[in-house]
Amino acid sequence: MPSHDRVRPPLSRRGFLTAGTAAALALAPGPAWAGPRPFGRYGSPTARLTPKTLYVHPAGRGDFTSVQAAVTAASGGGWTLVVAPGTYRETVAVDATRTDMTWIGAGDEPRAVVIVYDNAAGTPRPGGGTYGTTGSATTLVQADGFTAHRITFANDWLRADHPGVSGTQAVAIKVQGDRSAFHHCRFLGHQDTLYADSMALGVFARQYFAHCYAEGDVDFVFGRGTAVFEHCHFRTLTRTDLSSAPYGFVFAPSTAGANPRGYLVTRSRVTGEAPDGYYKLARPWVPSSDPTAHPSLTVRDTHLGPGIDAVAPYANMSDSFPWQAQRFAEYRNTGPGAVVTVPENRPRLSAAEAESHTRVAYLGDWRPYERP
C-alpha cells in the first residue's frame, strides 16, 4: 500500500514497546507455563493429542523451539501445532501443500503466544533488493484450511527506527488460503498489518476472523480476500509524525471485479487513540497488477468510535478509481463515527439488501463459526 514520507520523531524500541500504544504492541507476553504442563490441557510430546500433533516451546520442552521448524516438519496435511507461551522472533511460512493445519496457542489469552519480526517493504534483502510488501510479512499462510486460536501475529518495525526507508509497509500476517479461520487472535503493526488476500486473481479465498483484535494506521486491513470479521475490535493508532488528518485508513480492500463479495465487518467495533475524525473508515485499493479490481466492503451492526470521520469516512487512494464507484456500504452502525451528516458520503444498504450481506452469504457451505 502507498507509503507516507514523513517520519515520527525518534522513539526507542523499548520506549515504544512499553508505551501505551493501544497497549497491544507491548509484545511481552505473560509468563510461560511455570509448572510441569507447559502446554496446558493440550498434551505434550509424551502424551500427544493425536499422532499428527507437534509441540513448540521456546526453552526446549517441546518437539521444536521455533514455529517454522515445526511447520517444516509437518509435511502434508492435517497437522496441529500446539505453541507454548513465549515470544517467537522469527518469520514463518506455511506453503500451499500444508493444508488443514491448526495452530493452538497454549496460553489463556492471545498475548501469551507472540510471533513477531520486524521486516518492512523497504528493508534490504540479503543478496540485494528489498522485501516488498508481501516479503515483509512476519507470517505467510498460503495453505487452505488453516486455523489459528489465541495467537498474536505482529510486526514491530517502526518508522522512527528507519528514517531513510520509504517502504514503510510492514505486514504482520498475509493470509492467502481458502477456509482460513482465526479465533481470538491479535494482529499488531502499523501500516498494512493484516493482509487478507488470495493466491491468485481468479481465486476467491474465504477467511473468517472471530473475536479478533487488529491495530494499525495506514490501510491496516487490506487485500482481495473474501473475509468476514465478526465480533472483532479494530483500533487506530496515533501518529506524532503527522500534524493533520487523516492519520490513516482502517480498511483497503482490493476485491477482484469478478468476485461478488469482499470484506464483511459485522457486530464489531472501531476505536482509537487519535483525535476525533482523524481516521477514514476505508479507501479502495486498485493495484497496478489488477486495474479491473472492484473493491468491496460492507460494515454493518458495528460501533464506530469518534476517531472515524463521520462527515467523509471514505477517501480515494487514486483519483482514477473514486471510492463512489466501488462497492462500499453500511448498515445499522452506531457510535459518533457512524452519524450520517452528509448522506451522499454514507452509502447504506436497505433491509432487503442487507439480507445478502451475512456470514452465510459470504462463506457459503464453509461454517467455521459453528462448534464441531
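**Strands, core and salt bridges**

Reader: Which residue in β11 stands opposite threonine 147?

Author: The model discussed here is predicted. In it, strand β8 (residues 147–149) and β11 pair in the parallel sense over three bridges. Within β11, the residue that stands opposite threonine 147 is alanine 181.

Reader: Which strand is joined to β11 by four bridges?

Author: Phenylalanine 182 stands opposite phenylalanine 209 in β14. The two strands run parallel, and the partner joined to β11 by four bridges is strand β14 (residues 206–210).

Reader: Are the residues on the two faces of strand β11 buried or exposed?

Author: In a regular strand the side chains alternate between the two faces of the sheet. In β11 (residues 180–183), Ser180 and Phe182 lie on one side, while Ala181 and His183 lie on the other. Both faces are covered, and these four residues are all buried.

Reader: How many residues does the largest nonpolar core have?

Author: In soluble globular proteins, nonpolar side chains tend to be buried together. Phe182 is named with Trp103 and Phe234 as having the most contacts inside the largest core. Leaving aside neighbours within four places in sequence, the contacts of phenylalanine 182 include Phe146, Ile173, Phe187 and Cys212. The number of residues in the largest nonpolar core is 64.

Reader: Which are the edge strands of the open sheet of eight strands?

Author: The sheet has the order β3-β6-β9-β12-β15-β18-β21-β24, with parallel pairing. Inside this order, β12 (residues 186–188) and β15 (residues 213–216) pair over two bridges. An edge strand pairs on one side only, and the two that do so are β3 (86–89) and β24 (303–304).

Reader: Is arginine 179 buried or partly exposed?

Author: Arginine 179 forms a salt bridge with aspartate 100, and the closest N and O atoms are 3.3 Å apart. This pair links distant parts of the chain, 79 residues apart. The limit for a buried residue is under 20% and for an exposed one over 50%. Because its relative accessibility is 27%, arginine 179 counts as partly exposed.

Reader: What is the relative accessible area of aspartate 219, the salt-bridge partner of arginine 283?

Author: The side chains of arginine 283 and aspartate 219 meet at 2.8 Å, N to O. Arginine 283 counts as buried at 8% relative accessibility. Aspartate 219 is also buried, with a relative accessible area of 0%.

Note on methods: Residues are numbered from 1 along each chain as its sequence is written. This is a predicted model: local features need pLDDT of at least 70, side-chain atom pairs count only at pLDDT 80 or more; totals for chains, interfaces and linings use all residues. Side-chain values use heavy atoms; hydrogens and water are left out. Buried means under 20% relative accessible area, exposed over 50%, partly exposed in between (1.4 Å probe, protein chains only). Two strands pair if DSSP finds at least two bridges between them. A nonpolar core is a set of buried Ala, Val, Leu, Ile, Met, Phe, Trp, Tyr and Cys residues joined through side-chain atoms within 4.5 Å. Contact means heavy atoms within 4.5 Å. A salt bridge is a side-chain nitrogen of Lys or Arg within 4 Å of a carboxyl oxygen of Asp or Glu.
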